[in-house]
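Thank you all for coming; I would like to walk you through one model this morning.

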Amino acid sequence: MNRPIERRTMAAEVAGILRQRILAGELKAGQPIRQEQIAQELGVSRIPLREALKQLEAEGFVTIAPHKGAVVAKLSPEEAEELFALRFRLESWLLGEAIPHMREADFAQLDAIIDESRGLDLSHWGELNWRFHETLYRRAERPLSLKFLKRIHDSLDRYL
């Protein structure tokens, strides 16, 4: 399935780069995010960087303290347990909604993703795992729930 080209702002691009670094473990929980250093490294001004950090804060990836700056968010064992419980309930419901509407092409796409996962570099596992789950649940036609589930997957992915 072809995905449409996504137009993204500079802030969205920066948020995507930082999110990937957090998920890959390059930026670790509790680590301060040095805005000047990152802005210079990415060749952007601090305005789109601040917007990106606000977006990542809303997604739960960073915390921003006034006069202290941004820090990669920590996830306590209790929070992880709660996220896994939410994920279980949401995935069960979405799958139940999706199954009656799934087509042969969906199963072929799932098979292709499984084939792609063989011998995969672990640094890309989270992305492939999400593509698999998204394919399973897409036919439920619950975009808000799918978006919420993606945030749960992303929050837990860096710990897996």
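This is a predicted model: local features need pLDDT of at least 70, side-chain atom pairs count only at pLDDT 80 or more; totals for chains, interfaces and linings use all residues.

On the side of helix 1, the contact is made by Met 10, Ala 11, Ala 12, Val 14, Ala 15, Leu 18 and Arg 19, while helix 3 brings Pro 48, Leu 49, Glu 51, Ala 52, Leu 53, Gln 55 and Leu 56. If we sort the residues of this contact by class, we find eleven nonpolar, one polar and two charged.

I now turn to helix 4 and its partners, starting with helix 6, residues 125–137, whose axis comes within 8 Å of that of helix 4, the two crossing at roughly 45 degrees. That angle makes helix 4 oblique to helix 6. From helix 4, the residues in contact are Arg 87, Glu 91, Leu 94, Leu 95 and Ala 98, and from helix 6 they are Asn 129, His 133, Leu 136 and Tyr 137; by class, this contact holds five nonpolar, two polar and two charged residues.

The other partner I want to show is helix 7, which packs with helix 4 at an angle of about 145 degrees, with the axes 10 Å apart, in a crossing that is left-handed. Among the residues of helix 4 that meet helix 7 are Leu 83, Phe 84, Leu 90 and Trp 93, and those that helix 7 contributes include Phe 148, Leu 149, Ile 152 and Ser 155. Taken as a whole, the contact of helix 4 with helix 7 has twelve nonpolar, three polar and two charged residues.

Finally, let us look at the second largest pocket, in which about 230 Å³ of space lies. Which residues lie nearest its centre? Of the 13 residues that line this pocket, those are Glu 59, Gly 60, Leu 83, Arg 151 and Ser 155. Helix 4, residues 77–98, and helix 7, residues 143–157, are the elements that give two or more residues to the lining, and helix 7 gives the most, with four residues. By class, the lining of the second largest pocket divides into six nonpolar, two polar and five charged residues.

Notes
Residues are numbered from 1 along each chain as its sequence is written. Side-chain values use heavy atoms; hydrogens and water are left out. Contact means heavy atoms within 4.5 Å. Ala, Val, Leu, Ile, Met, Phe, Trp, Tyr, Cys and Pro count as nonpolar, Asp, Glu, Lys and Arg as charged, and the others, Gly among them, as polar. On a 1 Å grid over the protein atoms alone, a cavity is a set of points where a 1.4 Å probe fits but cannot get out, and a pocket is an open set with protein on both sides within 12 Å along at least five of seven lines; lining residues have an atom within 4 Å of a point. Grid points are joined across faces, edges and corners, and a volume is the space filled by probe spheres set on the points. Axes are lines fitted to C-alpha atoms, for helices over the stretch in contact, and angles run from 0 to 180 degrees between N-to-C directions. Angles under 35 degrees count as roughly parallel, over 145 as roughly antiparallel, 65 to 115 as roughly perpendicular and the rest as oblique. A crossing is left-handed if the near helix is turned anticlockwise from the far one by less than a right angle, and right-handed if clockwise.
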